[in-house]
Amino acid sequence: IYSLLMAELFNTLYDNMSYDQSGFYSGNVFTYITTLNYTLIIITSFVIWIVTSFLFHLFATLFSGDAEFKDFQKLTGMAYFVSALCFLIGIFMVGNVKITQGSISNLFETEQTMKTIGWLINIAGFAYYLVVIPIVKYLYHINWLKAIGAIAIPMGSIYLLGLFFAKFIF
């Protein structure tokens, strides 16, 4: 549900922008690109869920936790409820975005509704990790510090790796 709501949020935003605007194409190529984007959002969010859940499981196990990955996978899937709710609110808010000629390039900087939607998306991700910490603690029977570490270490490593690639590779 989370993946579909995320894809639908961006699709709704694209639909709002699809009228003719300088530098913005709304023909068949644009339709193919948005369809591809919709599909890739669903696939990548599923892959990210599997990979991050595995990393959390791995670190919880390294911190002397004991639980089955399939049980953890089920619970982390349900933890996306909060994030899905934020994306659902964002979908309803997208209709209030005012797009004017030439405003697409700085839409997130100038449009207050888009700033709020961006804030909701960030909160959705943060809320997910806050919900997963107690799941790790109680499912793996480890203390709070180890549960926080099982989430923070993989996410911090991914963040730092992203900074490295942004600075030195791209």
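View 1. With a relative accessible area of 67%, His141 counts as exposed, because exposed means over 50% relative accessible area, buried under 20% and partly exposed in between, using a 1.4 Å probe and protein chains only. Welcome to a predicted model, where local features need pLDDT of at least 70 and side-chain atom pairs count only at pLDDT 80 or more, while totals for chains, interfaces and linings use all residues. Residues are numbered from 1 along each chain as its sequence is written, and side-chain values use heavy atoms, with hydrogens and water left out. His141 lies in the loop between H5 and H6. Helices here are DSSP runs of H or I with at least four residues, numbered from the N terminus. Look at the backbone too: the phi of His141 is near 60 degrees, a positive value in a residue other than glycine.

View 2. Ser64 is found in the loop between helix H2 (28-62) and H3. Its phi is near 70 degrees, which is positive although the residue is not glycine. Is Ser64 buried or exposed? Ser64 is exposed, at a relative accessible area of 58%.

**View 3. Helix H5 meets helix H6.** Helix H5 covers residues 112-140 and helix H6 residues 144-169; they pack at an angle of about 130 degrees, with axes 8 Å apart. That angle makes H5 oblique to H6, because angles under 35 degrees count as roughly parallel, over 145 as roughly antiparallel, 65 to 115 as roughly perpendicular and the rest as oblique. The axes are lines fitted to C-alpha atoms, for helices over the stretch in contact, and angles run from 0 to 180 degrees between N-to-C directions. H5 passes H6 in a right-handed crossing, meaning that the near helix is turned clockwise from the far one by less than a right angle. On the H5 side, the contact (heavy atoms within 4.5 Å) includes Tyr129, Val132 and Pro134. From H6 come residues including Trp144, Ile148 and Met155. The residues of this contact divide into twelve nonpolar, no polar and one charged. Here Ala, Val, Leu, Ile, Met, Phe, Trp, Tyr, Cys and Pro count as nonpolar, Asp, Glu, Lys and Arg as charged, and the others, Gly among them, as polar.

**View 4. Helix H3 runs beside helix H5.** The axes of H3 (residues 69-94) and H5 come within 9 Å and cross at roughly 165 degrees. H3 is therefore roughly antiparallel to H5. H3 passes H5 in a right-handed crossing. In the contact of H3 with H5 there are 22 nonpolar residues, six polar and one charged.

View 5. Ser3 is part of helix H1 (residues 2-17). It is buried, with a relative accessible area of 15%. Leaving aside neighbours within four places in sequence, Ser3 is in contact with Ile41, Ile42, Ser45 and Phe46. Leu9 also lies in helix H1, and it is buried at a relative accessible area of 3%. Which residues does Leu9 touch, not counting those up to four places away in sequence? They are Phe87, Gly90, Ile91, Val94, Ile117 and Ile121. Leu9 and Tyr38 are 29 residues apart in sequence, with their C-alpha atoms 9.7 Å apart in space.

Notes
Helix = DSSP H or I, 4+ residues; strand = E, 2+ residues; numbered from the N terminus.
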